Structures are given as structure tokens and as C-alpha cells.
Amino acid sequence: MKKFFALFLILSLFLVPCFSQEASVDDFLTQGLQAYKNSNWDDAISLLKKAESLKETKGPETLYMLIMAQMFKGDYKTVLSDCAKFESQYSSSEYKPYVDYQKGRAFYYLGDYKNSISVFAKFCNENENNELFSSALFWMAENLYQSYHFEQAKSLLERVVNDYPNSPKYTEAVYRLDLIVQREKEEKLLYLLKVTSEEFLASKNDFERELRKYRTSENIDLRSQLEVTQGELEDVEKKLKSANEEIERLKKALENSNQAIANAESKKTLEGMEQLTEKAKKLQKYVDENKDGE
């Protein structure tokens with residue numbers, strides 16, 4: 001198909017003037033193809049649209065070239081519109097698979113991965129022997145990758161790499177596979193980190209919970225001990241107070257006893273002195289009586 005397309009381009013650029021003396025530089029198709037060849041997408045699109053509108057140059061080839069120019073420019077919404085137009089007007093054209101392929105790419109670049117996958121899946125089912133088959137597999141894988149279906153994308157990319165080593169998408173498929181493998185490693189590492197982190201957090205929470213329990217229990221025990229100690233202290237203070245009161249009572253009793261003893265001794269001494277005085281008086285009387293008798 002590429003050879004056919006190249007031949008069509010060459011014939012359009014160099015042989016169209018030979019078929020009519022009236023052909024000139026104003027020939028929209030010729031100028032459009034020349035602009036396409038020069039990667040002048042704006043001019044190519046403008047001229048090819050005009051060529052596609054004329055009966056003489058209208059056809060599946062012209063519309064396909066217009067679609068390709070729009071793809072290169074990045075006007076993907078217009079591509080989808082012209083792809084629908086192509087399907088309605090040239091559904092049996094040999095260019096139809098190539099238009100479908102560009103339609104799938106347009107959906108991809110617009111971020112509509114679901115429709116892009118659907119288009120490429122249909123393309124692969126209907127065009128297994130087409131030269132773009134391996135590229136379509138790659139684009140399906142790209143859509144799946146962008147949709148985070150990495151395992152499915154990996155399977156298709158491995159098929160491109162293993163079964164189509166000469167595919168134009170081989171290098172890109174290898175690169176994307178490396179990214180997926182790297183991502184798998186990163187995901188495993190992240191999973192391990194997550195599990196480790198969760199286990200650490202669980203252990204940390206368990207430890208903090210047990211620590212709180214221990215501290216609560218310790219505080220309860222400490223309060224109990226303090227209450228006991230406080231009670232004992234109060235008992236000691238009561239006993240000490242009682243002891244002090246007893247000491248004071250004994251002191252007073254001792255003072256009273258000493259006072260009583262002192263009083264008793266004083267009374268006894270007084271009585272003794274009275275007895276001695278009485279004896280002295282008797283003795284003096286005796287002496288006086290005896291003295292008169294001499």
C-alpha cells in the first residue's frame with residue numbers, strides 16, 4: 001500500500017500536467033500534494049479541500065490525503081469528521097483500512113481511549129495481513145497503557161516485539177515495555193513500602209495503646225499507693241497527736257505528783273519540827289524544874 005501511495009503521489013506531482021494542456025499551477029490537487037510533500041499543512045489542507053470539492057479531482061485518494069494532512073497538523077476533530085465522510089462515500093475503497101487506522105489515532109490523540117481501542121480492535125480483526133497490523137496492535141497497547149490497563153498493554157506490546165521484529169513500532173514497543181516493567185517494579189516496591197508502613201503503624205498504634213494502658217494502670221496504682229500512704233500518714237499524725245497529748249498529761253501528772261510530794265514533805269517536816277519544839281519545851285521544863293531543886 002505504501003508503494004501504491006508513493007506512486008500516486010509521484011503521478012499527481014509530475015504526470016498530471018501531461019494529460020491536459022489546460023493544467024496549470026492553479027491545479028488544486030497538484031499544488032495540494034506539493035504542499036503536502038513540503039510539510040506545509042495549512043496550504044495542503046486548503047488546496048486539497050478545494051480539490052476534493054471538484055468533480056474532476058474528487059475521490060477516495062484526495063480525501064485520504066486531506067485526512068493525512070489534517071492528522072499531521074493535529075486537527076483531530078476534523079479528521080474524525082472526514083473519516084465519517086470517507087466511510088459513507090467510499091466504504092469499499094482500498095484506502096478504507098488506512099482511514100480507519102487514522103481514525104483510531106485521532107481518537108487516541110483526543111484522549112478518547114475507549115473509542116480508539118474499539119476502532120483498532122476492529123481494524124485488527126478485519127486486516128490481519130495489512131502492513132499496519134503491528135502498528136495497530138501498538139496503538140491498542142498505547143490506549144490500554146493510558147487507561148492504566150498495564151497487563152493488557154504489556155501482552156500486546158510483547159506480541160509486537162516477539163512476532164513483528166521489523167515493525168515500524170518495534171522500538172517504541174520495546175521502550176514502552178521497559179516502562180511497564182519498571183512500573184511493575186516500582187509498584188511492587190510501593191506495595192512493600194505500603195505493607196511495611198501499615199505494619200509499622202499498626203505496631204506503633206499497638207505500642208502507644210499498651211503504653212497508655214500501662215500509664216493509666218501505673219497512675220491508678222500510684223494513686224492507690226498515695227491514698228494508702230496518705231491514710232497511713234494521717235494515722236501516724238493521729239497517733240503522734242495522741243502521744244503528745246499523753247506526754248502533756250503525764251507532764252501535768254508528774255508536776256502534780258512532784259507538787260504533792262513537795263507538800264507532803266513540807267507537812268512532814270513541819271510536823272517533825274513541831275514534835276522537836278514540843279520536846280524542846282519539855283526538856284526546857286525539866287531543866288528548869290531540876291534547876292530549882294539544886
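Leucine 190 lies in helix H10, where helices (H or I, at least four residues) and strands (E, at least two) are DSSP runs numbered from the N terminus. Leucine 190 is exposed, with a relative accessible area of 55%. On the scale used here, buried means under 20% relative accessible area, exposed means over 50%, and partly exposed is what lies in between (1.4 Å probe, protein chains only). The areas themselves come from the Shrake-Rupley method with a 1.4 Å probe, and for residues only the protein chains shown count as cover.

Before going further, a word on the model: it is predicted, local features need pLDDT of at least 70, side-chain atom pairs count only at pLDDT 80 or more, and totals for chains, interfaces and linings use all residues. Residues are numbered from 1 along each chain as its sequence is written, and side-chain values use heavy atoms, with hydrogens and water left out.

**Overall fold**

The protein chain has 10 helices and zero strands. Read from the N terminus, its elements run α-α-α-α-α-α-α-α-α-α. Of its 294 residues, 30% count as buried.

**Surface patches**

Back to leucine 190: together with Leu189 and Leu193, this residue makes a nonpolar surface patch of about 310 Å². Patches are built from residues with over 30% relative accessible area and no salt bridge; like charges are joined within 9 Å, and nonpolar side chains (Val, Leu, Ile, Met, Phe, Trp, Tyr) within 5 Å.

Which residues gather in a patch of negative charge on the surface? They are Glu232, Glu234, Asp235 and Glu237. Here Asp and Glu count as negative and Lys and Arg as positive, while His and the chain ends are not counted. The place of a charge is taken as NZ of Lys, CZ of Arg, CG of Asp or CD of Glu. Glutamate 237 sits in helix H10 (residues 170-293) and is partly exposed, at a relative accessible area of 48%.

**Salt bridges**

Side chains of opposite charge can pair when their charged atoms come close. The structure holds eight salt bridges, each being a side-chain nitrogen of Lys or Arg within 4 Å of a carboxyl oxygen of Asp or Glu.

| Acidic residue | Basic residue | N to O distance |
| Aspartate 100 | Lysine 96 | 2.7 Å |
| Glutamate 142 | Arginine 176 | 2.6 Å |
| Glutamate 172 | Lysine 169 | 3.2 Å |

Aspartate 100 and lysine 96 both belong to helix H6 (residues 96-109), where they are four residues apart, about one turn of the helix. Both aspartate 100 and lysine 96 are buried.

The salt bridge between glutamate 142 and arginine 176 spans two helices. Glutamate 142 lies in helix H8 (residues 133-146) and arginine 176 in helix H10, so the pair ties together parts that are 34 residues apart in sequence. Are these two partners buried or exposed? Glutamate 142 is buried at 5% relative accessible area, and arginine 176 counts as buried at 14%.

In the pair of glutamate 172 and lysine 169, glutamate 172 is partly exposed at 37% relative accessibility, whereas lysine 169 is buried at 14%.

**Cysteines and a helix position**

How many disulfides are there? The count is zero, with a disulfide taken as a pair of cysteine sulfur atoms within 2.5 Å. Cysteine 83 is buried at 2% relative accessibility, and cysteine 124 is buried too, at 9%.

Alanine 121 is found in helix H7 (residues 113-126) and is partly exposed, with a relative accessible area of 24%. The C-alpha atom of alanine 121 is 9.4 Å from that of glycine 104, a residue 17 positions away along the chain.

**Backbone angles in the loops**

Most residues other than glycine have a negative phi, and most peptide bonds are trans. Serine 39 has a positive phi, near 60 degrees. This serine 39 lies in the loop between helix H2 (28-37) and helix H3 (41-53) and counts as partly exposed at 43% relative accessibility.

Tyrosine 148 also has a positive phi, about 70 degrees, although it is not a glycine. Its loop runs between H8 and helix H9 (150-163), and at 61% relative accessibility tyrosine 148 counts as exposed.
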